[in-house]
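Reader: I'd like a close look at one part of this model. Please take me through the packing there, and the charged pairs too. Keep the terms clear.

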Amino acid sequence: MAAVSGSEKGTRSRRKRMTGRQRREQLLDIGRELFAERGFDATSVEEIAARAGVSKPVVYEHFGGKEGVYAVVVDREMQILLGMVGDSLNADTPRGKIENAALALLRYVEECSQGFRILARDSHAASGTGSFASLISDIATQVEHILAEEFSSRGYDPKLAPMYAQSLVGMVALTGQWWLEVRKPKREVVAAHLVNLAWNGLSNLEPKPRLDHIQHKRGDA
């Protein structure tokens, strides 16, 4: 029988000392890195196991496969982002809340760039938590009541608030995808310009907007 080297004994002992919870967190951290780098389809159980220094059955034991790893990673990232946006809506004025929400989303992009890369891709059906669009919808739902109150005070139809909330949050999210790569200017500057566009547009809304070129075509018919 071949002798076991001291380094091999040390490796085995370190593995034995890792609890089930620690191993699970290790696999999630590694999966998060790989999904951010390569996406779901290009990541394999073999690669997750290799980086963790374990065999494939260990990954299957904890998560049932890479789908399980991905589902937990995506769910955690969605909860982090939703929590950050939700906590930001504590300003005293509607504009302040919009500013804080824009900053919160950009802060997530900056501080959790791996997570945002995962979410910004079309979330894989294996996640069981929906797509990036559904995440944007969840955030927009938190913004709806702000716009509904503002619409009511200005004489606009509050029933349109959900549509405007989707537009507003979608604008910030898409800008976040662009900013993730360029990282210029600073997030506070980006947020200020986003709110400038959104708020000054909202402050001058027409109660019943129409597309002028369509109206002209109808008049010429």
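Author: Start with contact: two residues are in contact when heavy atoms lie within 4.5 Å. The model is predicted, so local features need pLDDT of at least 70 and side-chain atom pairs count only at pLDDT 80 or more, while totals for chains, interfaces and linings use all residues. Residues are numbered from 1 along each chain as its sequence is written, and side-chain values use heavy atoms, with hydrogens and water left out.

Take Leu-147. Setting aside residues up to four places away in sequence, Leu-147 touches Ile-98, Ala-161, Tyr-164, Ala-165 and Leu-202. Helices are DSSP runs (H or I, at least four residues), as are strands (E, at least two), and both are numbered from the N terminus. Tyr-164 is partly exposed, at 22% relative accessibility. The cut-offs: buried is under 20% relative accessible area, exposed is over 50%, and partly exposed is in between (1.4 Å probe, protein chains only). Beyond its neighbours within four places in sequence, Tyr-164 contacts Leu-147, Phe-151, Leu-202, Leu-205 and Pro-209.

A nonpolar core is a set of buried Ala, Val, Leu, Ile, Met, Phe, Trp, Tyr and Cys residues, joined through side-chain atoms within 4.5 Å. The largest one here has 64 residues, and Leu-147 is among those with the most contacts inside it, along with Leu-81, Leu-119, Leu-135 and Ile-139. Helix α5 gives the largest share of this core, 10 residues.

So now to α5 itself. Two packed helices are described by the angle between their axes and the distance between the axes. Axes are lines fitted to C-alpha atoms, for helices over the stretch in contact; angles run from 0 to 180 degrees between N-to-C directions. The axes of α5 and helix α7 (residues 113-120) come within 10 Å and cross at roughly 110 degrees. They are therefore roughly perpendicular. That word covers 65 to 115 degrees; under 35 is roughly parallel, over 145 roughly antiparallel, and the rest oblique. On the α5 side, the contact uses Tyr-70, Val-73, Val-74, Glu-77, Met-78 and Leu-81; α7 supplies Gly-115, Ile-118 and Leu-119. By class, this contact has 7 nonpolar, 1 polar and 1 charged residues. Ala, Val, Leu, Ile, Met, Phe, Trp, Tyr, Cys and Pro count as nonpolar, Asp, Glu, Lys and Arg as charged, and the others, Gly among them, as polar.

Next, α2. Its axis and that of α5 come within 9 Å and cross at roughly 85 degrees. These helices, too, are roughly perpendicular. The contact has 7 nonpolar, 1 polar and 6 charged residues.

Some charged residues pair up. A salt bridge is a side-chain nitrogen of Lys or Arg within 4 Å of a carboxyl oxygen of Asp or Glu. Arg-76 makes one with Glu-25, with the closest N and O atoms 2.8 Å apart. Arg-76 lies in α5 (residues 66-88) and Glu-25 in α2 (residues 20-38), so the pair links parts of the chain 51 residues apart. Both are partly exposed: Arg-76 has a relative accessible area of 36%, and Glu-25 has 26%. Glu-77 forms a salt bridge with Arg-32, at 2.7 Å from N to O. This pair also joins α5 to α2, across 45 residues. Glu-77 is buried, at 4%. Across the whole structure, a search finds 13 salt bridges.
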